[in-house]
Every structure is written in structure tokens, then in C-alpha cells.
Amino acid sequence: MTLADSTQLPSIALLGAGSMGRAVLSGLLAPTVEVIGGIRVTNRSAARAAELADTPGVTAFATDDDPDANRRAVAGAAVVIVAVKPAMVPDLLDEIAASLEPGAIVVSVAAGVTVATFEAHLPSTVSVLRSMPNTPAVVGRAVTGLSAGTRSSEADLALVRSLFETVGTVVEVPESQLDALSTISGSGPAYVFLLIEALTAAAVEKGFTTEQAAELVNGTFAGASELLVASGKTPTELRIQVTSPKGTTERALAVLQQADLPALFTKATDAALARAKELAAG
Ligand SMILES: NC(=O)C1=CN([C@@H]2O[C@H](COP(=O)(O)OP(=O)(O)OC[C@H]3O[C@@H](n4cnc5c(N)ncnc54)[C@H](O)[C@@H]3O)[C@@H](O)[C@H]2O)C=CC1
Ligand SMILES: O=C(O)[C@@H]1CCC=N1
């Protein structure tokens with residue numbers, strides 16, 4: 001490992017160690033990342049905190065055991081990642097506001113909740129950024145949307161970008177586009193898994209065992225994604241390569257295209273966007 005390969009980050013507090021919080025944590029614990037001053041993680045349950053406490057470099061606190069857990073975690077932290085459910089964010093911000101260091105950077109991963117809400121609940125000395133990662137963070141393949149707040153500097157943005165680069169790639173967008181981005185890449189893994197479930201069900205219906213169906217379908221999705229990235233070709237070009245004229249795929253695609261998938265995805269992502277606006281309203 002050369003110096004250029006390593007990432008150094010200042011002390012971090014991660015509030016909320018659910019699916020997304022732990023996915024981000026996995027990147028911060030990678031061998032190429034050094035969090036100077038360590039990572040403090042909070043969660044509601046003592047059982048989860050005990051699991052996390054066994055991880056080198058992590059100090060874990062449970063709010064069920066210690067009502068001061070979040071305040072203790074953020075005291076002295078340079079970066080605070082807020083990874084609780086959107087509805088819990090305002091109360092959590094009120095709880096930690098007085099314990100944050102002046103100049104601390106607060107990064108939200110919460111869907112919908114605006115920078116304005118964060119800034120309204122926090123001291124003016126605190127820099128706020130919004131992010132929208134996705135669960136492939138667990139395998140270092142997240143796509144994270146990132147937006148600066150009104151009080152964040154270029155240096156804050158660069159620091160938070162490097163934080164999320166520990167789990168994948170980062171796309172910077174204005175905050176006005178972040179909810180839309182969430183409907184594509186934040187929720188996107190769920191759309192892909194739904195397609196995998198559906199094709200697996202079709203395989204089982206055709207007489208394959210569950211194990212065979214999983215091998216066929218999971219392998220096909222993984223192979224197709226890798227082919228897309230490695231070939232540099234568009235999905236349209238690659239689809240045409242599979243579709244022999246007058247062959248079998250052509251018949252299957254004719255059925256699928258009757259469903260007007262682009263219109264269906266527009267409708268689905270519009271519904272997700274409407275939900276983000278509801279979450280923003282609290
Ligand atoms: N799951 C996903 O794919 C993504 C989730 N997000 C966002 O991440 C946030 C968390 O979502 P998930 O991880 O899916 O939910 P989750 O329910 O798995 O995790 C939330 C965690 O927060 C903890 N918690 C609750 N109240 C707390 C408090 N006062 N102090 C400290 N910890 C507390 C809970 O114990 C729980 O482990 C949400 O705001 C969501 O919008 C963002 C991108 C993708
Ligand atoms: O479903 C949710 O609200 C979160 C945000 C994007 C993915 N999961």
C-alpha cells in the first residue's frame with residue numbers, strides 16, 4: 001500500500017448502527033483507512049452495541065443503557081454521521097446540538113430530511129452535508145450522492161467525499177437533486193433484488209431447484225453487471241448481442257416490453273420522490 005492508496009480521516013461519531021450505518025462503518029474499518037481518534041458508534045440496543053464493541057477501533061454506546069450515549073459520542077468528534085430513521089432526526093439533533101464541537105461536520109444519510117432542517121436544529125458553527133449511499137457499501141461498491149449545505153466549505157466536502165469513497169464512488173449533486181438521486185441509486189438495489197426474485201420464481205416454476213435457480217439467476221445478474229462495466233458498451237448494445245434475430249430472447253423481450261418498463265420505473269421513482277417529500281415535511 002502506498003500513501004496515495006490510504007485514507008486518513010479525523011475522529012468520527014456514527015449515530016445509528018442499522019443496515020446503512022453498519023454498511024458505512026464497514027468502509028471506515030477497511031485496512032486502507034485510518035480514522036485518527038477512532039470511531040464512536042451509537043445504537044439503541046445494548047446487544048448491538050456489545051457486538052460492535054468487539055470491533056477494533058470502535059467504541060460503542062447503547063442509548064437504551066445510557067441516555068447520554070449520543071452526547072458522549074459526538075463530544076470531540078470532527079465528523080458526525082447521522083444514520084437513524086428520518087422521523088428520529090429532529091429529536092436526535094436537539095439532543096446532540098450542545099455537545100457538538102464548533103466546526104464539527106454533521107453528515108446526514110437520512111432520506112428526505114433537508115439540510116435546512118439540520119441547520120435549523122444545530123449551532124451555526126456546525127457544517128452540514130447530506131448524503132445518499134446505498135447498501136452495496138458493504139462490499140465497497142456503493143454509489144453515494146453527496147450535497148453540501150449552506151455552511152460547508154470545499155474542504156468539508158472533500159473530507160466527506162473521501163469518507164464515502166471508503167465504500168465506493170461518490171456523485172456530487174445540488175441538494176435539489178438528492179431526493180431524485182435517492183429514487184434511482186438509494187432505492188435501486190431493491191429494484192434489482194426484486195427483478196432477481198421474480199426471475200428466480202420463474203426458474204423454480206420451470207422445475208429447477210431453489211439452489212439451481214439461485215445459481216442461474218444470481219450468476220446471470222453478476223455476470224451481466226460485470227460485462228456492462230468491463231465492456232464499456234451500452235446496455236442497449238449488450239441487449240442486442242443477446243437477442244438473436246427471430247430467436248428465443250426476442251420473444252421474451254416482446255412480452256416484457258408490453259409492460260412498458262420505462263413508464264413503470266418512472267411511476268415507481270415518482271412514488272419514491274413523493275415519499276421523500278413527505279419525510280422532509282416530518
Ligand atoms: N437502508 C438503506 O438502503 C438506506 C438507508 N438510508 C437512510 O439511513 C437511515 C437508517 O436506515 P436503515 O439503516 O435502513 O435503518 P435501521 O432501522 O436498520 O437503522 C436505524 C438504527 O438507528 C438506531 N437508532 C434509533 N434511534 C437511535 C438514537 N436515538 N440514537 C442512536 N441510534 C438510534 C436503531 O437502533 C437502528 O439500528 C435512514 O435515515 C435511511 O433513510 C439511506 C440510504 C440507503
Ligand atoms: O427506503 C428508504 O427510505 C431508504 C432510502 C433509500 C433506500 N432506503
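Analyst: Helix α11 is followed by aspartate 260, whose phi is positive, near 50°. Helices (H or I, at least four residues) and strands (E, at least two) are DSSP runs, numbered from the N terminus. This is a predicted model, in which local features need pLDDT of at least 70, side-chain atom pairs count only at pLDDT 80 or more, and totals for chains, interfaces and linings use all residues. Residues are numbered from 1 along each chain as its sequence is written, and chains are lettered from A and ligands numbered from 1 in the order in which they are written.

User: Where does aspartate 260 sit, and is it buried or exposed?

Analyst: Aspartate 260 is in the loop between α11 and α12 (261-281). Aspartate 260 is exposed because it has 11 other C-beta atoms within 10 Å. The cut-offs are: buried if 20 or more other C-beta atoms lie within 10 Å of a residue's own, exposed if 12 or fewer, and partly exposed in between, with C-beta atoms placed from the backbone.

User: How many residues of α11 are buried?

Analyst: Zero of the 11 residues of α11 are buried, so α11 lies largely in the open.

User: What about lysine 246? What is its phi, and where is it found?

Analyst: Phi of lysine 246 is near 65°, a positive value in a residue other than glycine. Lysine 246 is in the loop between α10 (235-242) and α11 (248-258). Lysine 246 counts as exposed because it has 7 C-beta neighbours inside 10 Å.

User: Changing topic. How many helices and strands are in the chain?

Analyst: The chain has 12 helices and 10 strands. Its C-alpha atoms fill a box of roughly 70 × 40 × 40 Å, taken along the principal axes. Of the 282 residues in the chain, 32% are buried.

User: Which domains does the chain have?

Analyst: The domain assignment gives domain 1 (3-177) and domain 2 (188-281). Such bounds come from an automatic or database domain assignment. The contact between them takes eight residues from domain 1 and six residues from domain 2. Two residues are in contact if their C-beta atoms, placed from the backbone, lie within 7 Å. The centres of domain 1 and domain 2, taken over C-alpha atoms, are separated by 32 Å.

User: What classes of residue are on the side of domain 1 that touches domain 2?

Analyst: That side of domain 1 has four nonpolar, four polar and no charged residues. Here Ala, Val, Leu, Ile, Met, Phe, Trp, Tyr, Cys and Pro count as nonpolar, Asp, Glu, Lys and Arg as charged, and the others, Gly among them, as polar.

User: What does UniProt place at residues 175-279?

Analyst: An unreviewed UniProt entry places "domain: Pyrroline-5-carboxylate reductase dimerisation" at residues 175-279. Over residues 175-279 the chain is 83% helix and 0% strand. The UniProt annotation "domain: Pyrroline-5-carboxylate reductase catalytic N-terminal", also from an unreviewed entry, covers residues 12-112. Over residues 12-112 the chain is 32% helix and 25% strand. UniProt positions are given in the numbering used here, feature names are shortened, and annotations may be inferred rather than shown by experiment.

User: Ligands next. Which residues come nearest to ligand 1?

Analyst: Gly16, Gly18, Arg44, Ala110 and Ala111 come nearest, out of 27 residues around ligand 1. A residue is near a molecule if its C-beta atom, placed from the backbone, lies within 6 Å of it. The shell around ligand 1 divides into 13 nonpolar, 12 polar and two charged residues. Its largest share, three residues, comes from α1.

User: And which residues surround ligand 2?

Analyst: Ala111, Ser182, Gly186 and Ser187 surround ligand 2. By class, that shell has one nonpolar, three polar and no charged residues.

User: How many residues are in the largest nonpolar core?

Analyst: The largest nonpolar core has 57 residues, and those with the most contacts inside it are Leu14, Val24, Val80, Ile81, Val82 and Val106. The largest share of this core, five residues, comes from α1. A nonpolar core is a set of buried Ala, Val, Leu, Ile, Met, Phe, Trp, Tyr and Cys residues joined through C-beta atoms within 7 Å. In soluble globular proteins, nonpolar side chains tend to be buried together.

User: What is valine 80 in contact with?

Analyst: Leaving aside neighbours within four places in sequence, valine 80 is in contact with Ala13, Leu15, Val74, Leu100, Ala104 and Val106.
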